[in-house]
Amino acid sequence: MGEFPKEWSWEENKLFEVALAMVDEQDPDRWEAVAAIVGGKKSVEEVQRHYVILLEDLHFIESGCLDHELEDAQSYGQVECISQSVYWTDEDQKYLICRLLIQLDIN
C-alpha cells in the first residue's frame, strides 16, 4: 500500500507539533506550510500520513483501550515498564523558535 514511512527524529516531531499549532486548519496550504516548518525533509504526503497516525494514536489512547491492556498485562506480571522522561527546556524552546524563524525566512 505504499512505502513504509521514514523515521521522524525528536526534533522533527517537535517541529511538527509546533507547526500544527501554528498553521490554521482551514489554510488551503496547511500541509505545505507544516512540511516547510518541519524542515523541508518530509514531503507533504509524509506530513499528512504522520498526522493521520497521530490522530489514530490519540483515538486509541482516549478510547481507554491502552490503559486496559496495560492494566491486564501488569496484573499478570508479564510486562516490565521502563519509563524515560524527556523534558522540554527553555533552551529547547529557544532552539526551536530559531529553527522556525530560519525555515520561515528560507521559504
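**Helices and their buried faces**

Modeller: In this predicted model, the buried residues of helix α3 are E46, V47, H50 and Y51.

Biologist: Where do the buried residues of α3 fall, seen down its axis?

Modeller: Residues three or four places apart in an α-helix point the same way, because there are 3.6 residues a turn. Seen down the axis of α3, the buried residues lie within an arc of 140 degrees, so they line one face of the helix.

Biologist: Which exposed residues does the face of α3 turned away from its buried side carry?

Modeller: Exposed means over 50% relative accessible area. On the face turned away from the buried side, the exposed residues are E45 and H59.

Biologist: At roughly what angle do the axes of α1 and α2 cross?

Modeller: Two packed helices are described by the angle and the distance between their axes. The axes of α1 (residues 10-22) and α2 (residues 30-38) come within 8 Å, and their crossing angle is roughly 145 degrees.

Biologist: How many residues of the contact of α1 with α2 are nonpolar, polar and charged?

Modeller: From α1 the contact draws on E12, L15, F16, A19, L20 and M22, and from α2 on R30, W31, V34, I37 and V38. These residues divide into 2 charged, no polar and 9 nonpolar.

Methods: Residues are numbered from 1 along each chain as its sequence is written. This is a predicted model: local features need pLDDT of at least 70, side-chain atom pairs count only at pLDDT 80 or more; totals for chains, interfaces and linings use all residues. Side-chain values use heavy atoms; hydrogens and water are left out. Axes are lines fitted to C-alpha atoms, for helices over the stretch in contact, and angles run from 0 to 180 degrees between N-to-C directions. Helices (H or I, at least four residues) and strands (E, at least two) are DSSP runs, numbered from the N terminus. Contact means heavy atoms within 4.5 Å. Ala, Val, Leu, Ile, Met, Phe, Trp, Tyr, Cys and Pro count as nonpolar, Asp, Glu, Lys and Arg as charged, and the others, Gly among them, as polar. Buried means under 20% relative accessible area, exposed over 50%, partly exposed in between (1.4 Å probe, protein chains only). The arc is that of the directions from the helix axis to the C-beta atoms.
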